[in-house]
Amino acid sequence: MVNKNQHIVLRTENLSIGYTSKKSETEVASNINIELHQGELVGLIGANGIGKSTLLRTLTKVQTALNGTIFINNKDIIKYASLDLAKAMSLVLTEQISSKNLSVLELVALGRQPYTNWVGNLSEQDMTAVIKALNQTNIEGLKEKKCFELSDGQLQKVMIARALAQDTDLIILDEPTTHLDMYHKAYILKLLQKLAKETNKTILFSSHEIDLAIQLCDKLVVMTKDNVISDEPCNLISKGIFETLFPKDLIAFDKDTGSFRVRK
Amino acid sequence: MNTPNTYKLSFLALSTLLIVCFFINISLGSVSIPNSDILETLLGTTQNVSWRYIIIDYRLPKAFTAIIVGSGLGISGLMMQTLFRNPLAGPFVLGITSGASLGVALVTMGASLFGGVMAAVFISKWSIVIAATLGSFLVLLAVLIVSTKVRDTMAILIIGLMFASISAAVVNVLSYFSSAEELQQYIFWGFGSLGNLSWNELLVLFTLYTFGIMFSIVSIKALNTLLLGENYAKSLGLNIKQSRLTIIIATSLLAGTITAFTGPIAFIGLAIPHMTRQVFNTSNHKILLPAVLIIGAIVMLICDSIAQLPNSDFTLPINAITSLVGAPVVIWLLIRKRKMIF
C-alpha cells in the first residue's frame with residue numbers, strides 16, 4: 001500500500017524530545033526515526049503521558065528538539081521562517097477557538113492568512129481554495145452558520161476544512177476525535193483517509209482510537225516506554241507491538257480482531 | 001469576509017447620523033444661538049463676535065474632541081477585548097488611567113507634601129497634561145517591558161491590574177494628606193472634560209490619535225487571526241510578540257493621549273465595541289474597526305450634548321453621562337438579541 005518511491009514530507013533523524021529548564025533536561029523519548037510519505041494517513045498512538053503531545057509539539061516547532069533533526073520537505077525545520085512553515089504545515093488543535101461568532105466561511109477563510117495581503121483581503125484564488133476545502137469536507141451547506149450553532153462533529157469538520165484551505169503538504173491533528181461519539185469518530189477518521197487519498201497530502205493525527213487507527217491508517221507511529229516504532233498496522237500486529245502498549249492487568253490485545261478486550 | 005451591500009448601507013446610515021449629531025452638538029449649549037447664525041459663523045460670514053468666539057473657539061474644538069475621544073477609546077477597547085479574549089477588557093486594563101491618575105495626583109496633591117508653595121505655582125493646564133502623559137507612559141513602559149518577557153498574554157492583563165492597584169494605593173495615601181482644595185482639583189480632573197482644549201492642544205491630540213489609528217489599521221489582519229486563539233494564529237505564521245506589541249502601542253497612543261487631555265473618560269472603551277458587535281453582528285475587524293470609529297464618535301457627541309444640559313447654565317460631568325446613557329443601551333441591546341456577541 002505504501003509507495004516507497006513517493007516524496008518524503010516529514011522525516012526525523014535521531015530525534016529526542018523532552019523539556020529543558022535552567023538546571024536539568026528531561027528526556028521524554030529518544031532515537032525517533034520516522035518517515036512520512038506523500039498521501040499517507042498516519043496515526044500516532046500510545047498511552048497517556050507517554051509523550052505524544054510532546055512529540056507533536058516538537059514536530060510543529062512549538063518547542064525545540066533536545067537532539068536530532070526534523071525535516072519538512074527535506075528542509076530542516078529550524079531553517080523555516082514562521083510564514084514559510086505556515087505554508088508547509090497546518091494544524092488542528094484540541095483547544096477551542098477564541099471567537100465562536102465567526103461564520104464557517106470566515107473561519108475557513110482564515111486558513112488563507114499566510115497568502116493574503118497586509119489587510120487580509122481574499123483574492124479569487126483564495127476564494128477558490130476556500131470553496132474547495134468546504135466541498136472536500138462536505139460542509140458547503142454550513143458556510144453561513146455561526147460557529148456557536150455547530151455540533152462538536154460539525155465544528156471538527158470546519159477546523160479540518162480550515163487546515164485544508166491553508167494548502168499545505170502536511171496536516172497535523174491533535175486528538176481530532178475526542179468529545180465525539182462513536183459514529184463521528186469513525187466519520188472523521190474516514191474523512192481524513194479520503195482526504196489523504198484525494199489530495200495527496202500527508203495527514204498525521206494523534207489518537208486513542210487504536211481499533212479505528214489500525215483499520216484506517218497507512219502507517220502507525222507507536223510510542224511505548226522503550227521506543228518509538230513506525231510501520232504498517234498489519235506488520236505491527238504480527239510483531240506484537242500492541243501487547244506492549246499498556247499494563248497487562250486490565251486489557252489485552254486480540255490479534256484476530258485487531259482490537260483490545262477487557263480481561264474477564 | 002467581503003463587504004456585502006448590507007454593510008455599505010449601515011455605514012452610509014451611520015455616517016449620516018454622525019454628521020447630524022455633529023451639527024446638533026454644535027448648535028446646543030448654555031447660550032442659545034439660532035441655527036442660521038451657526039451656519040453663518042461656520043462659513044465665516046457673521047458679524048457677531050461673541051457668537052463666533054463661542055462656536056469657533058469653544059463648541060467646535062469640543063465637538064472634535066468628542067469625536068476623537070469616542071472613536072479612539074472605542075477602538076482601543078475593541079483591540080484589548082480581542083487581544084485578551086475577554087469581553088470585560090477596555091482600553092484601561094493596561095494601567096493607562098491608573099498611571100495618568102497617579103501623575104495628576106502627584107502634581108495636584110503631592111505639591112504640599114513634597115515641594116510646598118513652589119510646586120503649587122506650577123499647577124497649570126499643561127502641567128496636568130504632562131503629568132498624566134508621564135504617568136501613563138511610565139506604567140505602560142513597565143507593562144511593555146513585561147509583555148516582551150512573558151509568553152502568556154493573560155499575564156499582561158493581571159500585571160496591568162496590579163499596576164492599577166499600586167497607583168490607586170499611592171493616590172489614596174496622597175489624598176489622605178492633602179487639603180480640600182487640592183483634593184477637589186484632583187476629583188475634577190477625574191470627572192473628565194471635553195471642553196478645555198484649545199485648537200493647539202487639539203492639534204497635538206489629533207496628531208497622536210492619527211498615529212494610533214494607523215497602528216490599529218496595520219493590526220487588522222493580526223486581530224482577525226487572533227480570533228482563532230494564539231496557537232492557531234502562530235500556526236498561520238503570525239508573529240505573536242510583534243503583533244501584540246503593535247496592538248499595545250496603538251492602544252497606549254490612543255487611550256494614553258486622550259486620557260492626558262480629557263481626564264479618564266469612563267465606560268466608552270468597554271461599551272462601544274459591544275454596541276457595534278450587536279449592530280453589525282460580526283467579529284471581522286475589517287468591518288468592526290471603522291464601525292467602532294463611527295459609532296464611538298456618535299455616542300460621544302450625543303453624551304456631550306446631554307452633558308451640556310442645553311439652555312441651562314449647568315454642565316454635568318461627562319463621565320456620569322457616558323455611563324448613564326451607555327449602560328442602559330448595552331443592557332437593552334443584550335436583552336433584545338438575547339445573547340452576547342463576542
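Strands S4 (41-46) and S9 (202-206) of chain A run parallel and pair over four bridges, where pairing means that DSSP finds at least two bridges between two strands. Within S9(A), A:Leu204 is the bridge partner of A:Val42. Helices here are DSSP runs of H or I with at least four residues, strands are E runs of at least two, and both are numbered from the N terminus.

This is a predicted model, with local features needing pLDDT of at least 70, side-chain atom pairs counted only at pLDDT 80 or more, and totals for chains, interfaces and linings using all residues. Residues are numbered from 1 along each chain as written, while chains are lettered from A and ligands numbered from 1 in written order.

Zooming out, the chain A sheet is open and mixed, with six strands ordered S7-S8-S9-S4-S10-S11. S7 (89-92) and S11 (228-231) are its edge strands, each pairing on one side only.

| Helix | Strands | Angle |
|---|---|---|
| H5(A), 152-165 | touches S7(A) and S8(A) | about 170 degrees to S7(A) |
| H6(A), 182-199 | lies across S4(A) and S9(A) | about 160 degrees to S9(A) |

The angles run from 0 to 180 degrees between N-to-C directions, using lines fitted to C-alpha atoms, for helices over the stretch in contact.

Now for the interface: 21 residues of chain B are in contact with 22 of chain A, contact being C-beta atoms, placed from the backbone, within 7 Å. On the chain B side, H11(B) gives the largest share, five residues.

Conventions: Contact = placed C-beta atoms within 7 Å.
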